[in-house]
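Subject: Structure handover

Hello,

Here is the structure I promised to pass on. Please open it beside this email and follow along.

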Amino acid sequence: SSDLIFLGDGVPVFRKRIAELLRVPYFFAPAHLSRQHAGSIGMRGLELYAAGRIETAAEHSPKYYRTSQAERERREKAQIRPMREEDLEIVSQIESLSYPDPWSLNGFKEEVSNDHALSVVMEDPAGVVGYAVVMLMGEEADLVKITVTEKERGKGYGRKLLEEVLRELPNRGVTDTTLEVRASNLPAITLYEHMGFRSEGVRPGGYSNPAEDAVFYRLKLKK
């Protein structure tokens, strides 16, 4: 069999220990390939400092700050398509894990067959990872759902869903899009404002479980 090759940030730390314990053929990659990157060390240090922790080399577990090639390829293969009845079970599961007062499976079923609704899912090679539901009311649309599984959040899927919805709405004759969002949901608010939505006010106590204000947003669409 091929010799083992040791490569990475752990090599300088554990080189002596590896030499003491290993009894199979091996070698170390050139030193310049095993140096710790200052940026990675700094990011990890800031995380530990914020958490009030220290960590020895023996206690450290790998922490990846750059998306793997496999993950990048999986994202590139993600597609957005119309929601179908066979998607409803997984969509309902994602909904239940994401909200304290989720829609029922029947609620989604009604929208799939509703001519006055636009319902889509995002699907990657692993399956459905997000969805969006928009209610259509003539020239106005209300974005009532846009959700990504907890595991896939922060990877740009929510933005892709929103971009696709906003691209399709003018084809349905829509010129205005509205939505409401919890006042504390800063990631969502950041996304909406980046996409051009503007706040038009607050509805006090608009959300329950837990009680919270709802911020109302509107976006004028280009024809």
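Which side chains meet in a salt bridge with an N to O distance of 3.3 Å, one of them being that of E20? E20 pairs with R17. Keep in mind that this is a predicted model.

**Salt bridges**

Start with the general idea. Side chains of opposite charge can pair when their charged atoms come close. The whole structure holds 15 salt bridges. Here are some of them.

E20 and R17 both sit in helix α1, residues 11-21. They are three residues apart, so about one helical turn separates them. An α-helix has 3.6 residues a turn, so residues three or four places apart point the same way. E20 is partly exposed, at 39% relative accessibility.

Helix α6, residues 157-168, has a pair too: E163 and R159. Their side chains form a salt bridge at 3.0 Å, N to O. The two are four residues apart, about one turn of the helix. E163 is partly exposed, with a relative accessible area of 28%. R159 is partly exposed as well, at 36%.

Some salt bridges share partners. They join E140, D176, E200, R218 and K220 into one network.

Now look at R218 and E140. Their closest N and O atoms are 3.3 Å apart, and they form a salt bridge. R218 is in strand β9 (residues 212-220), while E140 is in strand β6 (residues 140-148). The pair therefore ties together parts that are 78 residues apart in sequence. Is R218 buried or exposed? R218 is buried, with a relative accessible area of 18%. The cut-off for buried is under 20%, so R218 falls below it. E140 is partly exposed, at 28% relative accessibility.

**Strands β6 and β7**

β6 and β7 pair in the parallel sense, over four bridges. E140 has D176 as its bridge partner in β7. β7 is mostly covered, with six of its seven residues buried.

**The nonpolar cores**

The largest nonpolar core has 31 residues. Which of them touch the most other members? They are V134, L162, L166, L169, V181, Y192 and F197. Several elements each supply at least two residues of this core: β4 (117-124), β5 (127-137), β6, α6, β7 (176-182), α7 (186-194) and β9. The largest share comes from α6, with five residues.

A second, separate core has nine residues. Among them are L88, V121, V128 and Y131.

Go back to V134. Which residues does V134 contact, leaving aside its neighbours within four places in sequence? They are H116, A117, L118, A141, D142, L143, V165 and L169.

**A closer look at helix α6**

You can check the length of this helix yourself. α6 has 12 residues, and at 1.5 Å a residue they should span 16 Å. The end C-alpha atoms are 17 Å apart, which agrees.

Which residues of α6 are buried? They are Y157, G158, L161, L162, V165 and L166. These residues cover an arc of only 170° around the axis, so they lie on the same side of α6.

Most residues other than glycine have a negative phi, and most peptide bonds are trans. Now find N209, in the loop between β8 and β9. N209 is not a glycine, yet its phi is positive, at about 55°. The peptide bond from N209 to P210 is cis, with omega near 0°. P210 also has its place in the loop between β8 (198-207) and β9. N209 counts as partly exposed, at 45% relative accessibility.

**The whole protein**

Last, the overall counts. The protein has seven helices and nine strands. Of its 223 residues, 34% count as buried. What share of the contacts with a separation of 6 or more comes from residues 24 or more positions apart? The share is 56%.

Best wishes

Methods:
Residues are numbered from 1 along each chain as its sequence is written. This is a predicted model: local features need pLDDT of at least 70, side-chain atom pairs count only at pLDDT 80 or more; totals for chains, interfaces and linings use all residues. Side-chain values use heavy atoms; hydrogens and water are left out. A salt bridge is a side-chain nitrogen of Lys or Arg within 4 Å of a carboxyl oxygen of Asp or Glu. Buried means under 20% relative accessible area, exposed over 50%, partly exposed in between (1.4 Å probe, protein chains only). A nonpolar core is a set of buried Ala, Val, Leu, Ile, Met, Phe, Trp, Tyr and Cys residues joined through side-chain atoms within 4.5 Å. Contact means heavy atoms within 4.5 Å. The expected span of a helix is 1.5 Å times one less than its number of residues. The arc is that of the directions from the helix axis to the C-beta atoms. Two strands pair if DSSP finds at least two bridges between them.
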